[in-house]
Amino acid sequence: GISVNNAVDVAKDTADMILLHKSLGELIEGVVEGRRTFANTLKYLMMALSSNFGNMFSMAGASLLLPFLPMLAPQILLNNLLYDVSQIALPTDNVDESSIKRPHRLSISGIRKFMFVFGPLSSIFDFVTFWVLINVFHLQAASFQAGWFLESMLTQTLVVYIIRTRKVPFLQSTPSKSLIASTLFAIGMSVLFVVTPLATFFRFDSIPADSFIWITVIVAVYLAFAQIVKTIFYKHISLWRAGEQPRTPAAPQTLPHSAN
């Protein structure tokens, strides 16, 4: 039941919802805002679960292959802190029209499949980074940790632009300005923690200037692959189930007139 604010008390007491303005447009705005909130929440679930799942694979594999820890506990906490800062503006992100055109319900199986696909995908490029840092630049523990920290921050922060939409990012779907600002801030801080004296506080060591070029190339290739895999993924799997549509009442049957 719906009532207006200046209705009689008995009408307002029995109503489920009271409109402060004499317009059903308030209901429409509420529904749209709810679908927008659902879409942005789904984005965070996709990114957080796939990123953590991939980092688990990378940490486990590196721990078996390397004679030192791939990343120390304070460095992991810094990574998580900066990543969360980069996502703090996600609730304000723009939402594609397809996400608010009709109701949706969360598909746990779709989220799980997304995690199983994009988590290992990020791990593949982590292992490529490991190989480059060890075999090309011959880095020791502190320098290796700085290199992987930077690559990890760039990949998991920038992939938000790929995951946030089913379309081509920036060309067909533009993120909000606040999301762009938060991600750029997190990336800038991660670079500062590697190249400035702040690195010693987190036990990072300097890395060769050429390694920045390699890391940039690895991140760019990863983002390109993420876009391709995303396109293929959404052709076969959906992360939500469409809400039930109202049934059209059956047309009344017309009995044939009697010949008499």
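Student: Which helix gives the most to the nonpolar patch?

Tutor: In this predicted model, H9 gives the most, with 5 residues. Helix H9 spans 209-236, and H5 also supplies at least two residues of the patch.

Student: What makes this group a nonpolar patch on the surface?

Tutor: The members are Trp-131, Val-136, Ile-213, Trp-214, Val-217, Val-221 and Phe-225, with about 660 Å² of accessible area together. A patch is made of residues with over 30% relative accessible area and no salt bridge, and nonpolar side chains are joined within 5 Å. Take Trp-214, which is placed in helix H9. Its relative accessible area is 40%, and the cut-off is over 30%, so Trp-214 passes on accessibility.

Student: Why is Trp-214 called partly exposed?

Tutor: Buried means under 20% and exposed means over 50%, with partly exposed in between. Trp-214 has 40%, so it falls in the middle class.

Student: Why is His-138 called exposed?

Tutor: The relative accessible area of His-138 is 55%. Exposed requires over 50%, so His-138 qualifies. This residue is found in the loop between H5 and H6.

Student: What is noted about the phi of His-138?

Tutor: Phi is positive there, about 55 degrees, although His-138 is not a glycine. Most residues other than glycine have a negative phi.

Student: How do you know that Arg-203 is exposed?

Tutor: Its relative accessibility is 57%, and the limit for exposed is over 50%, so the label holds. Arg-203 lies in the loop between helix H8 (177-195) and H9. Arg-203 also has a positive phi, near 65 degrees.

Student: Which residues lie nearest the centre of the second largest cavity?

Tutor: Ser-51, Ser-122, Gln-156, Val-159 and Tyr-222 do, out of 14 lining residues. Helices H2 (25-65), H5 (108-136) and H6 (141-158) each give two or more residues to this lining, and H2 gives the most, with 4.

Student: What is the make-up of that lining by class?

Tutor: The lining of the second largest cavity has 6 nonpolar, 7 polar and 1 charged residues. Among the central ones, Val-159 and Tyr-222 count as nonpolar because Val and Tyr belong to that class.

Notes
Residues numbered from 1 in each chain as written. Predicted model: local features only at pLDDT ≥ 70, side-chain atom pairs only at ≥ 80, totals over all residues. Heavy atoms only, no water. 1 Å grid on protein atoms, 1.4 Å probe; cavity = no way out; pocket = protein on both sides within 12 Å on 5 of 7 lines; lining within 4 Å. Patch = residues over 30% accessible without salt bridge, like charges linked within 9 Å, V, L, I, M, F, W, Y side chains within 5 Å. Areas by Shrake-Rupley, 256 points an atom, 1.4 Å probe, with all protein chains shown as cover. Salt bridge = Lys/Arg side-chain N within 4 Å of Asp/Glu carboxyl O. Buried < 20%, exposed > 50% of the residue type's maximum accessible area, 1.4 Å probe, protein only.
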